[in-house]
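Visitor: I would like to learn how to read a model like this one, feature by feature. Could you take me through it slowly?

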Amino acid sequence: MWTEKQRGLRVSQEELLCKNACGYYGNPAWKGFCSKCWRERSRPPGSQRQDTRPSSDGVPPTFSKFEEKKNIEKGRRINTVRRLFWGSSSPPKPQETSESHAKILKAYESLEPGDFTGFLKILRSPSSQRLQSRCTAFLNTMEAYHDLPIQKQSDLVQDYYQSFAEYFRSFPEAQVTQIMEHVEKLIMTRLHKWVFCHDSCDDEQKDLALQRRIRSLNWVTPQMLSVPFPDEKTPVSGDPFLPAITAIIEMDAKRAPQDKLACVSKCSQHIFEALSTSNNEPANADDFLTSLVYVVLKANPPRLHSNMQYMIRFGLPHSLMAGESGYYFTNLSCAVAFIEKLDGAALNLSADEFDGYMRGQRAPSALTKRQQMAGNTRKLLEELQGRQQRLHQDVDALNTQLQKWVQVVHSQLDEATSQFDKVQKAITAQAEASQVVSSSAQEGSQQRVDQQQPNDDSEAPEETLC
């Protein structure tokens, strides 16, 4: 149960927010900033997001001619991309509302939340041909330029989100968010194979390193992390965090960033449910974060780093910067950062004890008890298998005896049938003989009656004479 030892992991709500005090959630991947502030800080001084062309205002160049030519070529490629889905090298200016524009907006106003199929039907309708053409052109362009650096592709996708959302600027913010979630799912489901774990980044190497790190920490127990766990006598199959482990593993099978983020939210909700059943007190941020660390260690999700970077680069900014999903994702990033820097002090262990566990020279008492329980269970299974084999042998012997008994019964039945036939024939013959005797007796009595009748006739006249 809940221990009174000092927790090794404490993160306050303020530490989860952006360092720039903008009110959004920060992230260790952005050095503690939110995605918006991080992009602004990462952008070169004086550069504009909407135009990446080199300036020609007479300022002396700060690069060599080769580098300048290279930057100009990059700018041309980006402008080519933007012309294909904007029609120009700069974002389109808002146009006045026309009847067709109002008709399109009216169709999207009736869209139900989460109805992705309905969104596709509206997008493929003749009235939305312009938006559909813009989506198709952008997808084809991104596939054609899939060899661009991953950060450049991320910027293009984020710019496209902004330009598409501008089309619905007259809608309420919540409704624009729902529409953009459909747009993100449509775009990123198609681009997933091109941009996920891109060759221009080292996501694959970091995935392997993180998996090895988590595998080396498989000895960490809930008690070491001060996770509110039900009871030490609870069997392995009764782990209350098993649904959360399953949810975080399912994240790699999703393609859209919002679907991956939904798996993170589902995992977090399962953790809160497990904490509510394990502890009588309401779950707090420390309980949640330590439990999330435990879930990540036990699950060792496949390609965890690549999935998180994919959501950061190509997900909608508001999903990661604010709201429930942003809080859960920020805690997941903190949990991964904690695992990467985990040491003995965080687990209330000395340096020698931590090294002993890492080298496999020591084993936690709870882990030893579980290993003993697993051994006892294995022996019980072997005993049950032996009993099952003996049971099968006894069943086979019983079947043999039953077959023999059936044969004996059949033979006895045949013998009884033959004897019954003989008795029935004897009874039939005896009945026929008795019928013959009775019929002969009746004939004899009839003859005697016939002989006596004439004498009676001769005596009748004498009586009349008298």
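Predicted model: local features only at pLDDT ≥ 70, side-chain atom pairs only at ≥ 80, totals over all residues.

Visitor: Which other residue has a positive phi although it is not a glycine?

Guide: N300 has a positive phi of about 45 degrees, and this residue is found in the loop between α12 and α13.

Visitor: How many helices and how many strands does the protein chain have?

Guide: The protein chain has 17 helices and zero strands. Of its 466 residues, 36% count as buried, and among the contacts with a separation of 6 or more, 73% are accounted for by residues 24 or more positions apart.

Visitor: How should I describe two packed helices?

Guide: Two packed helices are described by the distance between their axes and by the angle the axes make. In this model the axes of α9 and α15 come within 10 Å and cross at roughly 70 degrees. Angles of 65 to 115 degrees count as roughly perpendicular, and α9 and α15 are therefore roughly perpendicular to each other. On the α9 side the contact is made by L210, R213 and I214, and on the α15 side by V336, I339 and E340; these residues divide into four nonpolar, no polar and two charged.

Visitor: Which residues touch the most other members in the largest nonpolar core?

Guide: That core has 51 residues, and those touching the most other members are W219, L225, F241, I271 and L347. At least two residues of this core are supplied by each of α9 (203-216), α10 (242-249), α11 (257-278), α12 (285-299), α13 (304-314), α15 (323-340) and α16 (351-358). Apart from this core lies another one, of 36 residues, among them Y108, V157, V195 and F196.

Visitor: What does F241 touch, leaving aside residues up to four places away in sequence?

Guide: With those set aside, F241 touches V227, P228, F229, I271, A274, L275, S291, Y294 and V295.

Visitor: How do I judge whether a residue such as H305 is buried or exposed?

Guide: One compares its relative accessible area with a cut-off, and buried means under 20%. H305 has a relative accessible area of 16%, so this residue is buried. H305 lies in helix α13, which is mostly covered, since eleven of its eleven residues are buried. Not counting residues up to four places away in sequence, H305 touches D203, K206, D207 and L210, and L210 is also one of the α9 residues that make the contact with α15.

Visitor: And what is the relative accessible area of D343?

Guide: For D343 the value is 37%, so this residue is partly exposed. D343 lies in the loop between α15 and α16, and its C-alpha is 9.2 Å from that of D355, although the two are twelve residues apart in sequence.

Visitor: Finally, how far does helix α7 reach from its first C-alpha to its last?

Guide: Helix α7 (residues 150-166) has 17 residues and reaches 25 Å, close to the 24 Å expected at 1.5 Å a residue. Its buried residues include I150, Q153, L156, V157, Y160, Y161 and F164, and V157 is also a member of the core of 36 residues.

Technical notes
Residues numbered from 1 in each chain as written. Heavy atoms only, no water. Core = buried A, V, L, I, M, F, W, Y, C linked by side-chain atoms within 4.5 Å. Buried < 20%, exposed > 50% of the residue type's maximum accessible area, 1.4 Å probe, protein only. Helix = DSSP H or I, 4+ residues; strand = E, 2+ residues; numbered from the N terminus. Contact = heavy atoms within 4.5 Å. Axes fitted to C-alpha atoms, helices over the stretch in contact; angles between N-to-C directions. Parallel < 35°, antiparallel > 145°, perpendicular 65-115°, else oblique. Nonpolar A, V, L, I, M, F, W, Y, C, P; charged D, E, K, R; others polar. Expected span 1.5 Å × (residues − 1).
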